[in-house]
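Hi everyone, thanks for coming along. Let me put the structure up, and then I'll walk you through the parts I picked out.

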Amino acid sequence: MKKTTFWGTILLAGCLTLSISSLAWGDSRSDDGGSYGLWSQKETALPVMNKAYQTECSACHFAYPASFLPARSWVKIMGTLENHFGENAELDAAGRQEIEQYLTAQAGDQAPSRFSRSFMRAIDSADTPLRISETAYFQREHRKVPAGLVTGNAKVRSFSNCASCHTGADKGSFNEHGIVIPGHGRWED
Amino acid sequence: MMKWNVVIALLLVAAGNAMATETVVNERQASYREAGAGNFDAARGESMWSRQQMHAEMGQSVSCATCHSGNLSTVGKHIRTGKLIDPMAPSMNAERLTDAAKIEKWFTRNCKWTWGRECTAQEKGDFLQFIFNPNNRR
């Protein structure tokens, strides 16, 4: 066999091995509980973003990932915008419908994403939670955070104010290493 | 030399924004007149802006100024969430009053929340006159 053919074959075999084993090792759990896909690229909580949702629903608060609630919760929220947690968040019919379609299509029980399984598993099928911060998974993840750093912190004020501490939230990352609590510093658990 | 090009470009952008605001305000006020409104008065707009009304759910009196400040050039603060709100004055915030749909959307929401009802065409025109032209300059 020619030398080039020999080395070419080795190279091809190596590439094939690498590709197939990446597929096999895809989706493995890592230390931080993250789900890793091909080439260690982490899934984010925001695989798809809708411009209308981003514009309309981050005027007052962080645009929460659709995957954090089941579709039925989003339907209820979008159907009661005139009394949206005490505020009037009315939209015109077309805008409301577009956003509701987006949210229900990307909801945690409709489209898999980084945290959808964790959130949905902890929600009883008889419940229709309206507040992400009151779901069991959220409360478990934040159980070690003292209230003084959040509700008692003038720069944060509420657990619904995700982006004030989670510096990568707008990109769908809630990684523990990206947490900086205003007035307090990095969160190292 | 290049610096002057930048200065001129920025002035044109500022002028463009100012023109956009005036165009949108004129168009909105024309539509309010068609709905039966009369002359628009910034002083009336200002007095409505700070008029307090009891809000049952908040358990306190509220007005436009409660969140947006009585001084249109300053940053406001949402009474419930504490979120900072950019100044209303177009002179401080070039985006203000440049989008008719946005104006109507916030009138619907905020009149209903603050006063428990939609604002009339007259009230909306007076509010725009106050925000756009607080000194009632012609």
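Let me start with a question: is B:Cys119 buried or exposed? With a relative accessible area of 8%, B:Cys119 is buried. By buried I mean under 20% relative accessible area, with exposed over 50% and partly exposed in between, using a 1.4 Å probe and protein chains only.

Before going on, a word about what you are looking at. This is a predicted model, where local features need pLDDT of at least 70 and side-chain atom pairs count only at pLDDT 80 or more, while totals for chains, interfaces and linings use all residues. Residues are numbered from 1 along each chain as its sequence is written, chains are lettered from A and ligands numbered from 1 in the order in which they are written, and side-chain values use heavy atoms, with hydrogens and water left out.

Back to that cysteine. B:Cys119 is joined to B:Cys111 by a disulfide, with an S to S distance of 2.0 Å; the cut-off for a disulfide is a pair of cysteine sulfur atoms within 2.5 Å. Over all chains, the structure holds 1 disulfide.

B:Lys124 counts as buried, at 12% relative accessibility. Leaving aside residues up to four places away in sequence, B:Lys124 touches B:Tyr32, B:Glu104, B:Phe107 and our friend B:Cys119, where contact means heavy atoms within 4.5 Å.

On to the interface. How many residues does each chain bring to the contact? Chain B gives 12 residues and chain A gives 11 residues. Together the two chains bury about 1,100 Å², of which 42% is on carbon and sulfur atoms; that is the accessible area, with a 1.4 Å probe, that two parts lose on being put together, summed over both.

The rule finds 4 salt bridges across this interface, a salt bridge being a side-chain nitrogen of Lys or Arg within 4 Å of a carboxyl oxygen of Asp or Glu. On the chain B side of the contact there are 2 nonpolar, 4 polar and 6 charged residues. For that count, Ala, Val, Leu, Ile, Met, Phe, Trp, Tyr, Cys and Pro are nonpolar, Asp, Glu, Lys and Arg are charged, and the others, Gly among them, are polar.

Here are some of the pairs. B:Lys112 and A:Glu90 form a salt bridge, with their closest N and O atoms 2.7 Å apart. In another, B:Lys105 meets A:Glu56 at 2.6 Å between the closest N and O atoms. B:Lys105 lies in helix α4 of chain B and A:Glu56 in helix α2 of chain A, residues 51-56, so this pair joins two chains. A:Glu56 is partly exposed, at 23%. Then B:Arg80 and A:Glu87 meet in a salt bridge at 2.7 Å, N to O. B:Arg80 is partly exposed, with a relative accessible area of 31%, whereas A:Glu87 is buried at 18%.

A:Phe85 is partly exposed at 32%, while B:Leu97 is buried at 9%.

Technical notes: Helix = DSSP H or I, 4+ residues; strand = E, 2+ residues; numbered from the N terminus.
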